[in-house]
Amino acid sequence: MSKLASIISCLVIFLLMPPQSYAADLGDLVSSLKGGGYVIVFRHGATDDRQKDVYPFKFDDMSAQRQLSEKGRELARELGAALKRLGVPIGEVYTSQLNRAVETGKLLSGKDVSPVEALTDSGAGSSSAMANPDGKNAKAGRAVRDLVNAPPKAGANNLAVTHKTNVADAFGKEFSDIREGEALVYKTSTSGSAVLVTRVQPAEWIAQPGS
């Protein structure tokens with residue numbers, strides 16, 4: 001292997017690794033998830049960049065929204081199959097009102113979902129609105145945190161499927177690098193705010209052996 005090829009290979013492996021500051025033993029986490037009490041925040045799956053959102057949003061018009069690509073749908077199906085195989089009990093599934101998040105939520109859970117305004121793209125497709133938790137998107141960020149802080153029903157874990165903008169608004173600029181299909185796992189509490197446990201890439205769920 002040439003030196004250049006070796007460097008490129010190492011770079012690819014590095015980029016696919018989860019952020020080390022949030023690394024956790026996924027096997028231990030899965031065991032804990034089986035008992036419920038967590039909220040898993042997903043960014044929606046991969047989309048078709050040839051499509052554009054029309055603003056103001058037209059939620060009932062699929063032609064006016066960017067949709068999941070076939071790759072995004074397939075990955076969401078694989079993620080859903082992995083969660084089922086791992087025995088992760090799913091309670092409520094909240095999503096953005098945009099169809100790419102609704103579809104991701106349904107494929108992940110195999111259940112009906114509840115589209116809510118709090119998870120709907122707070123940047124309205126504008127990159128200039130990204131990661132602004134202290135500015136005009138502060139209200140949107142608080143709404144996401146309120147949803148994540150609410151403990152699920154006993155023995156279940158809630159899912160929330162949203163957008164990069166909303167994640168950054170709610171949890172800070174350091175999360176503006178969240179990838180499509182990536183998850184943030186929060187442990188809820190009846191006595192305080194939910195606590196981030198780890199960030200999980202889609203391939204990590206899929207590769208995790210079932211029990």
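The model is predicted, so local features need pLDDT of at least 70 and side-chain atom pairs count only at pLDDT 80 or more, while totals for chains, interfaces and linings use all residues. Residues are numbered from 1 along each chain as its sequence is written, and side-chain values use heavy atoms, with hydrogens and water left out.

**Overall figures**

- Of the 211 residues in the protein, 46% are buried; buried means under 20% relative accessible area, exposed over 50%, and partly exposed in between (1.4 Å probe, protein chains only).
- Among contacts between residues at least 6 apart in sequence, 69% join residues at least 24 apart, a contact being heavy atoms within 4.5 Å.
- The protein exposes about 10,700 Å², of which carbon and sulfur atoms supply 54%; accessible areas come from the Shrake-Rupley method with a 1.4 Å probe, and for residues only the protein chains shown count as cover.

**Sheet**

- The six strands form an open sheet with mixed pairing, in the order β3-β2-β4-β1-β5-β6; two strands pair if DSSP finds at least two bridges between them.
- β3 and β6 (195-200) are the edge strands, and because each has a single partner strand, one side of each lacks a neighbour in the sheet.
- Four bridges join β2 and β4 in the parallel sense, and V93 has L159 in β4 as its bridge partner.
- Helix α6 packs on the sheet, where α6 touches β1, β4 and β5, and the direction of α6 makes about 35 degrees with that of β5. Axes are lines fitted to C-alpha atoms, for helices over the stretch in contact, and angles run from 0 to 180 degrees between N-to-C directions.

**Helix α4**

- Helix α4 (residues 99-109) has nine of its 11 residues buried, so the rest of the structure largely encloses it.
- The buried residues are N99, R100, A101, V102, E103, T104, G105, L108 and S109.
- These buried residues pack against β1 (38-43), α3 (70-85), β2 (90-95), β3 (114-115) and β4 (157-162).

**Aromatic residues**

- There are four aromatic pairs in the structure. Rings of Phe, Tyr and Trp (its six-membered ring) pair if their centres lie within 6.5 Å; planes under 30 degrees apart count as stacked, over 60 as edge-to-face and the rest as tilted.
- F57 and F59 make a tilted pair, 5.9 Å centre to centre with 40 degrees between the planes. F57 is buried at a relative accessible area of 17%, whereas F59 is partly exposed at 32% relative accessibility.
- F171 and Y186 make a stacked pair, 4.8 Å centre to centre with 25 degrees between the planes. F171 belongs to helix α6 (residues 164-171) and Y186 to strand β5 (residues 183-187), so this pair ties together parts that are 15 residues apart in sequence.
- F171 is buried at 16% relative accessibility, and Y186 is buried with a relative accessible area of 5%.
- Y55, F57 and F59 are linked into a cluster by ring pairs.
- K187 places its charged end over the ring of Y38, 4.6 Å from the ring centre; the criterion is NZ of Lys or CZ of Arg within 6 Å of the ring centre and within 35 degrees of the ring normal.

Technical notes. Helices (H or I, at least four residues) and strands (E, at least two) are DSSP runs, numbered from the N terminus.
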